[in-house]
Amino acid sequence: DQYVLGMVGLGVMGRNLLLNMADHNFKVAGYDKDASKVEALSKEKVKGEVKGFTSLQEFIGSLSKPRAVMLLVPAGKIVDSAIAEITPLLDKGDLIIDGGNSHFMDTNRRAEELEAKGLHFFGMGVSGGEEGARNGPSMMPGGDPNAYKVVQPIFEAIAAKVNGEPCVTYIGPGSSGNFVKTVHNGIEYAIMQLIAETYEVMRKGLGLTGEQMHDTFRGWNEGRLQSFLVEITRDIFAYKEPGSSQLLLDSIKDEARSKGTGKWTSQVAMDLQLPITAIDTAVSMRDLSKYKAIRTQAAKLYADNGLKLSVDQAKFVQALEEALYFTTVIAYAQGMHLLSQASKEYGYNLQLANIALIWRGGCIIRSTFLQSIHNAYKKDNTLPHLLLDADIAAQMKGALSGMRQVVSTATATGISVPAFAASLSYFDALRSEHMPSNLIQAQRDFFGAHTYELIGKEGVFHTQWTKK
Ligand code: 6PG
């Protein structure tokens with residue numbers, strides 16, 4: 001019993017996290033049923049010590065107590081079967097950490113079952129992909145705060161660092177870690193969709209070449225739009241396979257896949273009655289992309305004279321920068337709003353300022369803008385909505401004309417910009433003291449006697465709308 005942490009599942013993520021730990025001089029162990037994965041682990045060069053096992057008994061027996069066992073296996077049933085296999089070998093007080101993208105409801109159930117057995121359970125969101133896992137991910141651990149202390153030094157050491165601060169913090173009780181990671185992914189979906197719409201306008205509306213898009217994104221990545229997703233998009237716009245003169249991007253099928261976290265974000269937001277229109281739209285557009293046969297038929301049926309915009313190219317690219325900035329802020333704002341509502345509803349006690357801090361590095365949605373989000377919640381941790389922050393409002397007002405120009409011009413020309421449009425309309429509704437919802441109430445009362453409330457008068461009212 002000498003290893004401070006054991007990893008179950010030596011796929012790319014599990015292996016890379018383990019190697020990262022070993023590189024930080026933690027003695028760690030890995031387990032996988034697949035002997036070739038254990039073999040591959042032993043061939044890796046690391047500063048510290050890492051040992052692989054194919055025997056679960058020996059693996060568990062090698063861990064120092066209280067044991068910390070981390071799972072990096074595909075979310076869903078496999079997590080349950082891994083837990084079922086290891087729990088009989090554990091002792092009271094040991095800790096199981098699920099590092100996959102598990103549904104927060106599953107985490108609640110597992111935590112309850114394991115706590116009944118005297119074990120601690122952590123659902124920990126890990127973001128940053130393979131590269132992040134190896135060199136510094138952003139991590140979102142949720143569970144019993146005392147149990148966290150055992151593994152805190154390991155996670156702080158291996159996390160990405162921004163200004164020397166580790167991109168990991170205790171998130172809150174129960175399933176809060178998985179919940180926050182799910183919302184992270186929802187924001188990820190939205191920003192990816194917004195960038196894809198920008199690409200659509202550039203390619204179809206402005207006729208920009210890959211090189212021009214590459215240059216534009218390179219410039220943007222040096223400004224307020226600086227972010228991991230803008231940075232990789234810049235590189236995608238320049239990537240050609242060796243020997244090819246064509247962008248790889250141009251030969252990739254336009255049907256997007258997903259593993260569920262975006263959908264879960266939208267589902268839970270609906271349950272909590274908390275609007276996240278940019279994320280919803282992103283999920284829907286991935287789904288629409290899969291109906292290729294219908295789209296192909298509709299393209300013939302509704303063909304028009306092309307989508308070229310008659311605009312000054314340079315000026316319109318400037319407007320696009322404003323639109324992408326504006327809508328990216330909306331995507332983050334909706335995600336943060338959802339977190340604040342879930343925090344109340346589920347008793348997570350989330351510290352939004354800290355969550356923004358640990359998202360600044362290591363994760364997929366890392367960006368310069370997260371510092372502004374941090375500042376806003378640091379100033380006022382009860383801020384009801386990010387767009388109510390004065391500094392952010394000033395930026396948003398400055399980007400509004402470009403935002404409107406992009407949505408109006410693109411839609412007038414027939415270029416689909418659903419997440420742009422949804423974000424802008426959300427904004428316009430949010431800044432409406434009077435929404436047209438009085439009419440909805442009147443209609444509900446008209447056909448179903450659902451009643452309504454009156455301005456300046458207490459009580460609930462019903463009207464016989466049709467005169468006999
Ligand atoms: C991350 C990513 C990661 C995963 C995405 C992909 O934070 O590192 O979010 O968790 O790559 O969830 O999700 P889809 O397959 O649903 O696009």
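**Entry 1: the model.** I am working with a predicted model, where local features need pLDDT of at least 70, side-chain atom pairs count only at pLDDT 80 or more, and totals for chains, interfaces and linings use all residues. Residues are numbered from 1 along each chain as its sequence is written.

**Entry 2: strand β5.** I looked up β5, residues 95-98. Helices (H or I, at least four residues) and strands (E, at least two) are DSSP runs, numbered from the N terminus. Buried means 20 or more other C-beta atoms within 10 Å of the residue's own, with C-beta atoms placed from the backbone.

**Entry 3: its neighbours.** I found β5 paired in the parallel sense with β4 (residues 68-71) over four bridges. Pairing needs at least two DSSP bridges. Ala68 stands opposite Leu95. I followed the chain from β4 through helix α4 (residues 77-86) to β5, a right-handed β-α-β crossover. Right-handed means the path over the helix runs clockwise with the strands pointing away from the viewer. β5 also pairs with β6 (residues 120-127), parallel, over four bridges. There, the bridge partner of Leu95 is His120.

**Entry 4: two helices.** I checked α8 (residues 176-205) against α11 (residues 261-271): the angle is about 105° and the axes are 8 Å apart. Axes are lines fitted to C-alpha atoms over the stretch in contact, and angles run from 0 to 180 degrees between N-to-C directions. So α8 is roughly perpendicular to α11 (65 to 115 degrees).

Note on methods
Buried ≥ 20, exposed ≤ 12 C-beta atoms within 10 Å, placed from the backbone. Parallel < 35°, antiparallel > 145°, perpendicular 65-115°, else oblique.
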